[in-house]
Amino acid sequence: MIFTAKEIAHNLNGSIVGNEGAQVNSLAKIEDGKPGSISFLANPKYTKFVYSSESSIIIVGQDFIPEKPVKATLIKVENPYASFAKLLDYYNKIKLDKKGISARAHISPSATIGNDVYIGEFAFIGENSTIGDGCKIYPQTYIGDNVTLGNNTTLFPGVKVYSDNSIGSECVFHSGVVIGGDGFGFVPVTDDNYNKIAQIGNVIIEDYVEIGANTSVDRATLGSTIIRKGAKLDNLIQIGHNVEIGENTIIVAQTGISGSTKIGKNCVIAGQVGITGHLIIGDNAKIAAQSGVSTNVKEGAVVFGSPAFEASKYRKAYVHFRNFQKIVDRIDKLEDFMSGKDKA
Amino acid sequence: MIFTAKEIAHNLNGSIVGNEGAQVNSLAKIEDGKPGSISFLANPKYTKFVYSSESSIIIVGQDFIPEKPVKATLIKVENPYASFAKLLDYYNKIKLDKKGISARAHISPSATIGNDVYIGEFAFIGENSTIGDGCKIYPQTYIGDNVTLGNNTTLFPGVKVYSDNSIGSECVFHSGVVIGGDGFGFVPVTDDNYNKIAQIGNVIIEDYVEIGANTSVDRATLGSTIIRKGAKLDNLIQIGHNVEIGENTIIVAQTGISGSTKIGKNCVIAGQVGITGHLIIGDNAKIAAQSGVSTNVKEGAVVFGSPAFEASKYRKAYVHFRNFQKIVDRIDKLEDFMSGKDKA
Amino acid sequence: MIFTAKEIAHNLNGSIVGNEGAQVNSLAKIEDGKPGSISFLANPKYTKFVYSSESSIIIVGQDFIPEKPVKATLIKVENPYASFAKLLDYYNKIKLDKKGISARAHISPSATIGNDVYIGEFAFIGENSTIGDGCKIYPQTYIGDNVTLGNNTTLFPGVKVYSDNSIGSECVFHSGVVIGGDGFGFVPVTDDNYNKIAQIGNVIIEDYVEIGANTSVDRATLGSTIIRKGAKLDNLIQIGHNVEIGENTIIVAQTGISGSTKIGKNCVIAGQVGITGHLIIGDNAKIAAQSGVSTNVKEGAVVFGSPAFEASKYRKAYVHFRNFQKIVDRIDKLEDFMSGKDKA
């Protein structure tokens, strides 16, 4: 894919300073730029690279006035960072624009497939499932029976969606994602022997949800495990049965959430956090990395530690922990003093 | 699937109060019930929902006497919770009752396949492998060479079983499970360069073992990694080479167990625990979530912390940690007192 | 596969004491040996087993002189452990010697396939990708477009390599590995709504890298996520976008490394460690298990804790933490003393 400065400026509603025929075929950081690449300048700290960059085109702010000669063609826009992100997105969409249904995929006769769908080799689509318009089902993906996918949802290679689950529009699931495996539910039969509780609920995932590689979302025992609109889950996360994740909540890699816990909207849960079951985490809560949450968290609270409590208090306590030897030394000294007094 | 109150009562050995022709096609919590669903009442706290529930059938205890009119048909049984679990299980078995061997699966001519087996599309079964009666091998599953599966074992889509491993009867492995990848064994050649130790042992998994999505169990260097009868492993767990997990031990999500550690029977290991290598964890031990175990744990012990020690002691120490600022304030005060005395 | 003592001695450059026609077909620990197996003696603690072992052949040191009669044939070598490892490796190579390209694989016409390559059933190889000589691509593996694989690299069943990534020679990736999923990058559009930043960079993996089951390595936003020569990654690890892992660095299971962090050479990062983004970890650093690293780590440093600091200091502080109750008791006593003095 080759683009000219003219096409890009038009696309970004920008103005050109330099050669409008300049051509690029790749995107690069301004400090790594090579002939044929396009870069951007948003952070003033990087301004010096405008003059040395080998990039053929650089996107700059409306008000950028070069103080030295610039080799690159400049495109002036209102917000260089946002414009570059738009360009990335445009480039990515072209790159990922797979189309067509492979004869080597298995599609149940009772499945309903929308328009402009990509279904890759060795993909499996079960009975009575519905795939919305513009979906991309990459090779080796599994979609069980009675599954619904909205429009323009992408399942990368090897995603597994068990039967009876519902997935919204504009979602992206990465390789190795497992949706709807059994929740971890066992009842003791005797002291040392367990019976499995059949897990017959499902998973409902709303629109604009992104789920990272090898993350697993368990189906509900009864009812539904729910991930609300716009939530973003990173890689290798565990979501237990009957959990609910609120709108636009962000969860970083390797976090685990146990059964029946309800997470509010707009929360930020850092990496490797563990949250026990049957809790309520309020809207806008923030949980620091590696925390172990074992009690409810209030709206807007920030917690840290294992078990977790108020983050600012944790950080202070941890400063003392780091200095524990000095604190004990102080106690030793006090005891010396005391025993001296006693002797005295 | 539609069931009548009469069929269900017969199945559960219960008695009907109301319309024996009442029909249901789904299972629901009593508070979420809709016409056509069946629910149960086990916890007295939920008794009020019997009168308001829209469920068509409700399973209640033998001795339940309504105090107000009830819309639903009641089925009286000895243990409503156990009866409902039985019903879930029955429903689930019908739902998961896949049969037949896909022409699009790859089955080595030297493999032995039992009766009533399901082998889905794009599944792979290697040389000299044996699949027992009633097994369900979902699409895109991989079974290497010389693997043995007992009877009625289910491998959900995308499970990967490397060569030379042995799996028992009545096991369930969820999507993304990897059995028999190489253990993590490298010997330094020089200070900064490693040679891999070939991992030529295998994995033995006994009967009634359940393993959750994306969990990996490494093969032994020599000998076997062993998971004993009835053990239950949740999602995203790491089991190192030459580990042994005892009978009916439960391991919650994202826990990791390093090479050659031996876990006893009936242990409960909570989520995100790490256990270092070459340890012995006694029978009935309990390990709290996020603990880091670096020493042997005695039979029946309960440990917590990283590094882990006696849980009750950890919890007390952690209370002091939370109040660390106050404790330091007390020392400050003592020092003020001391220096005052000195001045005095 | 059956080997004779003569063949093995030749292979290992060793000398035989006993029957040079002794035959073996398996490898076993000296204490578990059976007729037909070969074992080794490296650790003097195990010397007693030489006399009782049922193994048909035992590899011993050059200077080993039996003090009692030995049933097994002995092969004397300079380094018994290294010789046994060599034997394991040899055995393993024969076992894993798959060849041929399945008609049931999908190989894009524009892909370039080297000599002596194995490509298993239901594998997918995308457009313009290059597979080097001697590579083994197991069944159900996915290789996207424009991917390069060096020579003799093995991808076990179900590995997924997204488009545009580059993988070296002599690498081994286990089942469930995902290379090149999107980095976790979102910009807030409003306070509670995110736009995804397209992730158009790639992943570069150099030679001799081993990656364990279900580990995920995200592609860079721009530029490359890089794993240098000889690095070894265990199972279920998360490598964020634009991370760089230095040569011969070892990372144990379930560790997570956030975006843009740079890890030096020859580091040892234990299990379940979390490292935040944009940090620099110096060469030869060691990070203890379950640590949470939130600041740069100097060359050769050893850190522990969450947040992590100097490991020896952490261990001392943790001893005090374990004894926190006693420390508080001491303060109580001091206060009693003080108040007594006050009264006095």
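Asp332(C) and Arg330(B) join their side chains in a salt bridge, with N and O 2.5 Å apart. A salt bridge here is a side-chain nitrogen of Lys or Arg within 4 Å of a carboxyl oxygen of Asp or Glu. The count between chain C and chain B is five salt bridges.

This is a predicted model, in which local features need pLDDT of at least 70, side-chain atom pairs count only at pLDDT 80 or more, and totals for chains, interfaces and linings use all residues. Residues are numbered from 1 along each chain as its sequence is written, chains are lettered from A and ligands numbered from 1 in the order in which they are written, and side-chain values use heavy atoms, with hydrogens and water left out.

## Chain C against chain B

Chain C puts 55 residues in contact with 66 residues of chain B. Contact means heavy atoms within 4.5 Å. The two chains bury about 5100 Å² between them, and carbon and sulfur atoms hold 60% of it. Buried area is the accessible area (1.4 Å probe) that two parts lose on being put together, summed over both. Phe321(C), Arg322(C) and Phe324(C) give 11% of the area that chain C buries against chain B, more than any other three residues.

There are also 32 residue pairs in polar contact across this interface, both residues at pLDDT 80 or more. A polar contact is a pair of N or O atoms within 3.5 Å; within protein, one must be able to donate a hydrogen and the other to accept it, and residues adjacent in sequence count only if both atoms are side-chain atoms.

Which element gives the most to the side of chain C that touches chain B? H5(C) does, with ten residues. This helix spans 324-343. Helices (H or I, at least four residues) and strands (E, at least two) are DSSP runs, numbered from the N terminus.

## Chain A against chain C

Here 55 residues of chain A meet 68 residues of chain C. The buried area is about 5100 Å², with 60% from carbon and sulfur atoms. Phe321(A), Arg322(A) and Phe324(A) supply 11% of what chain A buries against chain C, more than any other three residues.

Five salt bridges are counted between chain A and chain C. Glu335(A) pairs with Arg330(C) in a salt bridge, their closest N and O atoms 2.7 Å apart. Ten residues from H5(A) make up the largest share of the side of chain A that touches chain C. That side divides into 27 nonpolar, 14 polar and 14 charged residues. Ala, Val, Leu, Ile, Met, Phe, Trp, Tyr, Cys and Pro count as nonpolar, Asp, Glu, Lys and Arg as charged, and the others, Gly among them, as polar.

## Aromatic pairs

Over all chains, the structure holds 60 aromatic pairs. Rings of Phe, Tyr and Trp (its six-membered ring) pair if their centres lie within 6.5 Å; planes under 30 degrees apart count as stacked, over 60 as edge-to-face and the rest as tilted. Two of the pairs are listed here.

| Pair | Centre to centre | Angle between planes | Type |
|---|---|---|---|
| Phe309(B) and Tyr318(C) | 6.0 Å | 75 degrees | edge-to-face |
| Tyr46(C) and Phe49(C) | 5.8 Å | 35 degrees | tilted |

Phe309(B) lies in strand S40 of chain B and Tyr318(C) in helix H4 of chain C, so this pair joins two chains. Buried means under 20% relative accessible area, exposed over 50%, and partly exposed in between (1.4 Å probe, protein chains only). Tyr46(C) is partly exposed at 30%, and Phe49(C) is partly exposed at 23%.
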